[in-house]
Amino acid sequence: MTHGKVTEPRKAYFRRIRHPFSGQVLDRALVLWFPGPHSFTGEDSVELQIHGGNAVVKSVLDALHELKDFRMAEQGEFARRAFDNDKLDLTELEGLADLLNAETEVQRQLALRQAEGGLRIPYESWREKIIKCMATTEAVIDFGEDENIEEGVMEQVVTDVIELRNLIAGHLNDSHVGEIVRNGIQVAIVGPPNAGKSTLLNRLAKREAAIVSDIPGTTRDVVEVKLNLGGYPVIVCDTAGLRESTDLIEIEGIKRAKTRVQSSDIKICLLSLDKGATIDPIVKDVIDNETYVILNKEDALKDGSSLENLITEIQNETGAKKVWTMSCMTGQGVDKFLIQMIDILKKK
């Protein structure tokens with residue numbers, strides 16, 4: 001299919017791509033040959049770097065279909081062949097899949113580190129230590145008395161096993177950082193009705209993701225928006241306003257809000273400054289020392305000293321981890337909140 005030979009491996013040749021039977025020129029492209037086992041899959045491979053236009057791609061694929069035994073690769077088939085030929089292990093395959101699906105910088109960094117053996121290297125080290133400890137233990141059991149094996153060998157095995165156990169426990173006790181980065185950090189916004197939760201969500205998303213209304217109880221279900229904050233994948237959830245209600249649909253929405261708060265990685269309680277320091281008991285129940293509080297409608301207050309007093313009073317009353325003030329409507333204080341929130345995400 002190429003006009004001219006491609007002889008040297010891993011060298012790019014600029015060639016005309018021709019139909020295998022009619023000889024019609026289909027495109028001009030770079031052609032590379034990767035003989036196995038020094039290829040991605042470990043098998044002989046040819047790479048055609050053609051132009052990306054739909055007609056060009058279709059004409060080249062149609063021409064390839066004319067060749068005997070040609071077929072399109074199945075989804076993930078190249079990766080599977082690389083695994084079958086010991087070019088990649090399972091951890092590297094998982095990292096490659098995450099790299100292809102990465103949407104943020106932090107996801108890309110984590111996936112690339114795993115794809116390049118970030119998990120394989122420590123796992124292989126643990127495996128070697130386990131085999132060594134097993135072999136030593138079996139030798140002592142089978143030949144200890146006859147072969148006069150040195151004293152203290154089993155004590156060293158016990159020391160190595162304890163060290164290995166601590167290494168594995170430390171690896172597992174990472175607060176599921178990899179899973180959180182892969183799936184996104186869950187941030188739940190809760191609070192009373194009309195506090196400005198949906199307005200904050202829309203401002204963060206920079207679009208009208210949630211309906212905003214002065215009517216209490218407008219948000220009934222959980223509204224999710226995926227964001228990229230400082231390279232970190234974040235899923236921000238707007239929830240139903242927390243209050244006592246007799247409306248069955250609103251009650252279900254409040255129930256879902258509480259459930260989402262419990263499963264979230266970060267919870268933010270949004271309160272309105274026009275209510276002063278008064279907090280409904282149903283709202284206060286969801287605030288603990290891991291909750292971040294935002295006091296909205298800062299633009300409605302003119303006395304800065306009374307604002308400071310209010311912040312102190314609410315912090316003391318709720319025990320919240322941190323309190324911000326802002327105006328979700330005007331954007332006042334939002335940039336400061338985002339900068340500090342990114343620092344919080346880095347510590348997660």
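**Exercise 1. Find the volume of the largest cavity, then describe its lining.**

Solution. The largest cavity has a volume of about 70 Å³. Elements that give two or more residues to its lining are β4, α8 (197-205), β6 (232-238) and α12 (334-347). Among these, α12 gives the most, with three residues. Next, name some lining residues: they include Val187, Leu200, Val236, Ile268 and Met341. Last, sort the lining by class: 11 nonpolar, no polar and no charged.

Terms used here. A cavity is a set of points, on a 1 Å grid over the protein atoms alone, where a 1.4 Å probe fits but cannot get out; a pocket is an open set with protein on both sides within 12 Å along at least five of seven lines; lining residues have an atom within 4 Å of a point. Grid points are joined across faces, edges and corners, and a volume is the space filled by probe spheres set on the points. Helices (H or I, at least four residues) and strands (E, at least two) are DSSP runs, numbered from the N terminus.

The model is predicted: local features need pLDDT of at least 70, side-chain atom pairs count only at pLDDT 80 or more, and totals for chains, interfaces and linings use all residues. Residues are numbered from 1 along each chain as its sequence is written, and side-chain values use heavy atoms, with hydrogens and water left out.

**Exercise 2. Describe the largest pocket.**

Solution. Start with volume: about 1100 Å³. Of the 26 lining residues, Ser45, Val46, Glu47, Phe70 and Phe78 are the closest to the centre. Then take the elements: β3, α1 and α2 (77-84) each give two or more residues to the lining. Finish with class: 15 nonpolar, four polar and seven charged residues. Here Ala, Val, Leu, Ile, Met, Phe, Trp, Tyr, Cys and Pro count as nonpolar, Asp, Glu, Lys and Arg as charged, and the others, Gly among them, as polar.

**Exercise 3. Determine which side of α1 is buried and where it packs.**

Solution. Helix α1 spans residues 54-64, and Val60, Ala63 and Leu64 in it are buried. They cover an arc of only 105 degrees around the axis, so they sit on the same side of α1. The arc is that of the directions from the helix axis to the C-beta atoms. Buried means under 20% relative accessible area, exposed over 50%, and partly exposed in between (1.4 Å probe, protein chains only). Now turn to the face away from the buried side: Asn54, Ala55 and Lys58 are exposed there. Finally, the buried residues of α1 pack against β2 (25-34) and β3 (45-49).

Terms used
Contact means heavy atoms within 4.5 Å.
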